[in-house]
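Here is a short report on two spots in one protein chain. Have the sequence and the 3D view ready.

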Amino acid sequence: MAVLLSLSSSSRLPNLPENPQLHHNTNPKTLNPTSFLDNRHVQSKRQFLLKTTSLGLIALTSQTPLPNSFAVPSPTPKPASFSGIVNTKAWLQHYGDGFSIRVPPQFEDIEEPEDLNGGLSLYGDKVKPKTFAARFATADGSEVVSVLIRPTNQLKITFLEAKDVSDLGSLKEAAKIFVPAGSTIYTARTIKIKEEEGLRTYYFYEFGRYDQHVALVAAVNSGKAIIAGAAAPQWKWDDVGVKLRSAAISLTVL
């Protein structure tokens, strides 16, 4: 179902209030991947999951090599606002495992090819898991649109299967899961879309980290978190931000 595509027009997107009091927790004891790598003490399973998840979400940004420290915010954070999106109906619609997303023009598919021979050798080699469910970029690699799929029980320990992103916590609480530590959150929104079974919740975050600006949308379906991220350098965001934000918001759970 392409229920999120209507969000490309401003008429379907209400002027939701900002969340000025939303601050990202950068406590290195719980979210700093660097301290995880250096700490030789045994840590809880929850701490381990949060830190390894942050490493995966950081990969949503452009292909620029990551700095050594994960806890330093962008030196020149640039305020952002949820000021606009464009109609994406004319864009290519990519269908993945339980989701669809619109791909901006002149973006190329850079997803790693599936290893069809994995697991077929006499030695029982395991199939290499794919990092991304979808990944597209401009020719120079500076603008990237990616989709990750992760089991929700790896993001938050629970005995029940998560059916909606709100099962992982409030918009503010879930920021600890979806936004890498050390980021500066510019805006965060809750988007609710009416479906046949009822309302589905999407969490939207826009944040900066080092020289990168990221628009991220997260949703949950049947115990899986589907996370779309669109990223570009801060200096390019004024020119490409509306396009990339629109791509992230076009994420639709099928």
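## Ground rules

Buried means under 20% relative accessible area, exposed means over 50%, and partly exposed lies in between (1.4 Å probe, protein chains only). This is a predicted model, where local features need pLDDT of at least 70, side-chain atom pairs count only at pLDDT 80 or more, and totals for chains, interfaces and linings use all residues. Residues are numbered from 1 along each chain as its sequence is written, and side-chain values use heavy atoms, with hydrogens and water left out.

## Thr252

Thr252 counts as buried because its relative accessibility is 0%. Thr252 sits in strand β10, residues 252–253. Strands (E, at least two residues) are DSSP runs, numbered from the N terminus.

The side chain of Thr252 also reaches the backbone oxygen of Ser250, at 3.1 Å.

## The sheet around β10

Strands of a sheet pair through backbone hydrogen bonds, either parallel or antiparallel. Here, 3 strands form an open sheet in the order β1-β2-β10, with antiparallel pairing. β1 (92–96) and β10 stand at the edges with a single partner strand each, so one side of each has no neighbour in the sheet.

Two strands pair if DSSP finds at least two bridges between them. Strand β2 (residues 99–103) is joined to β10 by 2 bridges. Opposite Thr252 in β10 stands Ser100.

## Ala133

Ala133 lies in the loop between β3 (108–109) and β4 (134–137). Ala133 counts as partly exposed because its relative accessibility is 27%.

Which residues does Ala133 touch, not counting those up to four places away in sequence? They are His94, Phe99, Glu111, Val147 and Ile149. Touching, or contact, means heavy atoms within 4.5 Å. The C-alpha atoms of Ala133 and Asp97 are separated by 7.4 Å, and these residues are 36 residues apart along the chain.

Definitions and conventions: Helices (H or I, at least four residues) and strands (E, at least two) are DSSP runs, numbered from the N terminus. A polar contact is a pair of N or O atoms within 3.5 Å; within protein, one must be able to donate a hydrogen and the other to accept it, and residues adjacent in sequence count only if both atoms are side-chain atoms.
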